[in-house]
Amino acid sequence: MIRVNQHYSKLQNSYLFLDIGRRKKAFEDAHPEKTIINLGVGDVTEPLPKACRDALHAAADEMGDRATFRGYGPEQGYPFLREAIAHHDFHSRDADVGPDEIFISDGAKCDSANLQELFAVNTRVAIPDPVYPVYLDTNVMAGRSGGFAEGRYKDIVYLDSTPENGYIPHLPEEPVDLIYLCFPNNPTGAVATTAQLQSWVDYARENCAIILFDAAYEAYIRNPELPHSIYEIEGAREVAIELRSFSKNAGFTGTRCAFTVIPRDLQAWDRDGDKQSVHAMWGRRQSTKFNGVSYPIQRAAAAVYTPEGQAEIRTLTDFYIENARIIRESMRELGFPCTGGDNSPFLWFRTGGDSWAFFDRLLEHAGVVCIPGTGFGTCGEGHIRIGAFNSRENIELAMERTIKALK
Ligand code: PLP
């Protein structure tokens, strides 16, 4: 008899977006004359940069000519893209990452989920709260948690991100093996300093642990003091994997291209206590299970690193950062403490009380949709997430309405 993976039954159905949709619909039915502005969105709104579109067209034409047509590409990605990434994203910041340590993929989401299959089922996992839910659910699916009770899965070590620690979690008190960190953070927008990341790298080295560092929002960092990559931190090559994406810097959410860095120095241990190369294991995994990202998409991603592409992605991310500034200042007028928005497209407001009650209040009185913090974990209670991914017109109108309604 074929049996299912029983761990799936532990998963909590995410009612968050269904619930948001239901409340939105009820408001629309009750107030057909009012337009709703959705500031809960995590997807980008601005179109692909011209440099990327031009590269995509040119590559599509190459594919239409027998002389330049390409079939299967290298599973790890084309060298032209890996070399551009190594140079622009890492060498330019004195981070030691070679092109052969970069694996091109079709998303940071699937990479973050797939990577954990390299590690033993009894790996002790530490996950921030609040969190991008993929890290948690994929470990539950893999059988690394117990059941769900009082808002948390048993056997997962939660790293609380709270106002008290500035939303940068403290080191765990018990030993853990695999640590998820995401900076700039989704949902809080907080960014760890060099000293804070150094303490995590030191912890990982002392405890033979690995850090999965998600830097999908790196392009939003504006403070020159903040590290962009974990490989700017001493010792990180021995203990960290980094995830990056073209989704939020160049609008590739629908185009799909990302990459994962696994340094050759990174080791994990087998049951005999022998060291194994995680780089070699991931290379083996990808060449067995993945046939690479399409050539035109990799050409479009490489165009991000041309002078025109760099100027365009700066304009793109500046646009969202300016949206974030407008949101932050308007909410400040209302007296809500905030993190994020300065080096991140997400803003995390401390509203106090029940986060669903605040959601309802904002919808009812301003026609504005946000995300209640509890949707990201128990530490999200008393908070809401607002995203800067929207048109300027919508952001200004939403803030005008919010100030009028809540002042
Ligand atoms: N990592 C974080 C923290 C995210 O918020 C998201 C998307 O919202 C992703 C990864 C997904 O990136 P990609 O589009 O490359 O799959």
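Which side chain meets R124 in a salt bridge? Keep that question open while you set up the view. The model is predicted.

**Stop 1: the two domains**

Colour by domain. The domain assignment gives domain 1 as 12-47 plus 308-406, and domain 2 as 53-306. Domain 1 is therefore written as two segments, with domain 2 listed as one. Now select the residues in contact. Domain 1 gives 31 residues and domain 2 gives 38.

The size of an interface is often given as the accessible area lost when the parts come together. Here domain 1 and domain 2 bury about 2,800 Å² between them. Carbon and sulfur atoms account for 57% of that area.

**Stop 2: across the interface**

Select R222 and D318. Their side chains form a salt bridge, at 2.9 Å from N to O. The count of salt bridges between domain 1 and domain 2 is 1. Then show the polar contacts: 18 residue pairs across the interface of domain 1 and domain 2 qualify, with both residues at pLDDT 80 or more.

The largest share comes from α10, with 10 residues. Colour the domain 1 side by residue class. It divides into 11 nonpolar, 13 polar and 7 charged residues.

**Stop 3: salt bridges**

Side chains of opposite charge can pair when their charged atoms come close. The salt-bridge count for the model comes to 24.

Go back to R124. Its partner is D177, with the two side chains meeting at 2.9 Å, N to O. R124 sits in the loop between α4 (108-115) and β3 (125-129). D177 sits in the loop between β6 (157-160) and β7 (178-182). The pair links distant parts of the chain, 53 residues apart. R124 is partly exposed at 38% relative accessibility. D177 is partly exposed too, at 21%.

Next, select E232 and R93. This salt bridge spans 2.7 Å, N to O. E232 lies in the loop between β8 (210-214) and β9 (240-245), and R93 in the loop between α3 (79-90) and β2 (102-105), so the pair ties together parts that are 139 residues apart in sequence. E232 has 25% relative accessibility and counts as partly exposed. R93, at 29%, is also partly exposed.

Move to helix α1 (residues 16-30). R23 and D19 form a salt bridge there, at 4.0 Å from N to O. How far apart are R23 and D19 along the helix? They are 4 residues apart in α1, so about one helical turn separates them. Is D19 buried or exposed? D19 counts as buried because its relative accessibility, 18%, is under the 20% cut-off. R23, at 21%, counts as partly exposed. D19, R22, R23 and D360 are linked in a network of salt bridges.

**Stop 4: cis peptide bonds**

Select D129 and P130. A cis peptide bond joins them, with omega about 5 degrees. P130 is in the loop between β3 and α5 (133-141).

Now select F183 and P184. This pair is also joined by a cis peptide bond, with omega about -10 degrees. Look for P184 in the loop between β7 and α6 (194-206).

**Stop 5: positive phi**

Select E150. Its phi is near 50 degrees, a positive value in a residue other than glycine. E150 is in the loop between β4 (148-149) and β5 (152-153). At 80% relative accessible area, E150 is exposed.

Then select D155. Its phi is near 75 degrees, again positive in a residue other than glycine. D155 lies in the loop between β5 and β6. Its relative accessibility is 51%, so D155 counts as exposed, the cut-off being over 50%.

**Last stop: D61 and P296**

Select D61 in helix α2 (residues 50-63). D61 counts as exposed, at 58% relative accessibility. D61 and P296 are 235 residues apart in sequence, yet their C-alpha atoms are 9.3 Å apart in space.

Key. Residues numbered from 1 in each chain as written. Predicted model: local features only at pLDDT ≥ 70, side-chain atom pairs only at ≥ 80, totals over all residues. Heavy atoms only, no water. Contact = heavy atoms within 4.5 Å. Buried area = accessible area lost by both parts, 1.4 Å probe. Polar contact = N/O pair within 3.5 Å; in protein donor to acceptor, adjacent residues only side chain to side chain. Helix = DSSP H or I, 4+ residues; strand = E, 2+ residues; numbered from the N terminus. Nonpolar A, V, L, I, M, F, W, Y, C, P; charged D, E, K, R; others polar. Buried < 20%, exposed > 50% of the residue type's maximum accessible area, 1.4 Å probe, protein only.
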